Number of protein chains: 2
Amino acid sequence: MAGRSYGEGVPKRVDHAERRAVIADAVLAVVARGGIEQASVRHVAAEAGVSAGMVQHYFRTKDELMRAAMERVGAAVERRLSLLPADTPPRELLRALFRQLLPLDDERAREGRVALAFLAYAAVDPAAAAELRDDGRRMRAYVAAQVPGGEVTAVALLGLIDGLGMQVLTGDLDAATAIAAFDAQLAVAFGAELQGTGPGK
Amino acid sequence: MAGRSYGEGVPKRVDHAERRAVIADAVLAVVARGGIEQASVRHVAAEAGVSAGMVQHYFRTKDELMRAAMERVGAAVERRLSLLPADTPPRELLRALFRQLLPLDDERAREGRVALAFLAYAAVDPAAAAELRDDGRRMRAYVAAQVPGGEVTAVALLGLIDGLGMQVLTGDLDAATAIAAFDAQLAVAFGAELQGTGPGK
């Protein structure tokens, strides 16, 4: 089986998934630092400490590089959200989701810049846009099933998460003000009877 | 005076403002089509039908090219908003502002893609971010002075405009759903007593 060792004399199988991940993380690093213009085979190879040929073996186009970085971001956000207890109420889940998209530490700042670069890319690239569309539809349906107001409320909350997140990322808005505005919005969406759980930080 | 004709024999003065505008519009066109990666002197010169030297005479760096395109977008939005009557109520002004940022026609789609590219750029470029910060602060103060809920409501409405606008631009959300969600939000922000003006399209 792939990855299994057959003893000292047999060369270890290359772990392709691991190599892909290392290269995808290198894309993430260069885009977070310098924007989407940096997502070139040359820059990524230098960042990962591998040859350009190695990068191209796993990712043939700039498009594939960008998607790989975006998947790493999505996986990191999901991993952190999965640490929440299974019975976390929807309102707390949305608060946690919002915090994942704010640059509250270096890791989230890097991920946020990559996500924003990918969105700008998707606005001019139909294939990337199609991928986002599926993710967006799933997320909206999930939230709509859990908030009192259904689809309109889900669209507004997710729109607000994206908009405030983007404003904080570009330095247009400070994180504390964004969090206060989002919590106020959650209080409205979930109705006064739930405000007792508190809009605190 | 600049631009004034002194008769047939005298060479016409170069209209620098006009040339700058033509080049800035060329940046807008190439970025709207292919993203920020296309904002190179070479591509812009080809689009404008001028020499690379001419582009560099007016815009020395990629940074200056991007800012020029973004200023053209801002000016176009302001020009269209200025067509509204002076006594337009705040709620209608916000509805009009939101529509300016949606890709409801080709012009707004192009402008939206450029704005999104500029935001992604600002997330990795401190100077561009500083410019956005001033604009954002002014806009928030203006809206905060006009909505019942003050700053928290202004932050939420402007965040929602950016977030929904971005989702529509990337094809993640359809414009009709975005408009319905924003109008519902306006209804909440301005209170039930104003809902009589209608959340229609």
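Which residue forms a salt bridge with Lys62(A), and how far apart are the closest N and O atoms? In this predicted model, the partner is Glu37(B), and the closest N and O atoms of the pair are 3.8 Å apart. Across the interface of chain A and chain B, the rule finds 4 salt bridges.

The extent of this interface is summarised below.

| Property of the interface between chain A and chain B | Value |
|---|---|
| Residues from chain A in the contact | 46 residues |
| Residues from chain B in the contact | 46 residues |
| Area buried between chain A and chain B | about 3,300 Å² |
| Share of that area given by carbon and sulfur atoms | 67% |
| Residue pairs in polar contact, both at pLDDT 80 or more | 9 residue pairs |

On the side of chain A that touches chain B, the elements giving two or more residues are helix 1 (16-34), helix 6 (106-122), helix 7, helix 8 and helix 9 (175-190) of chain A. Helix 8 of chain A gives the most to this side, with 13 residues. By class, the side of chain A that touches chain B comprises 26 nonpolar, 10 polar and 10 charged residues.

A further site in chain A is Pro148(A), located in the loop between helix 7 (126-144) and helix 8 (151-169). Pro148(A) counts as exposed because its relative accessibility is 58%, where the cut-off for exposed is over 50%. With neighbours within four places in sequence left aside, Pro148(A) is in contact with Ala189(A) and Phe190(A). Pro148(A) and Ala189(A) are 41 residues apart along the chain, and their C-alpha atoms are separated by 6.9 Å.

Notes: Residues are numbered from 1 along each chain as its sequence is written. Chains are lettered from A and ligands numbered from 1 in the order in which they are written. This is a predicted model: local features need pLDDT of at least 70, side-chain atom pairs count only at pLDDT 80 or more; totals for chains, interfaces and linings use all residues. Side-chain values use heavy atoms; hydrogens and water are left out. Helices (H or I, at least four residues) and strands (E, at least two) are DSSP runs, numbered from the N terminus. Buried means under 20% relative accessible area, exposed over 50%, partly exposed in between (1.4 Å probe, protein chains only). Contact means heavy atoms within 4.5 Å. Buried area is the accessible area (1.4 Å probe) that two parts lose on being put together, summed over both. A salt bridge is a side-chain nitrogen of Lys or Arg within 4 Å of a carboxyl oxygen of Asp or Glu. A polar contact is a pair of N or O atoms within 3.5 Å; within protein, one must be able to donate a hydrogen and the other to accept it, and residues adjacent in sequence count only if both atoms are side-chain atoms. Ala, Val, Leu, Ile, Met, Phe, Trp, Tyr, Cys and Pro count as nonpolar, Asp, Glu, Lys and Arg as charged, and the others, Gly among them, as polar.
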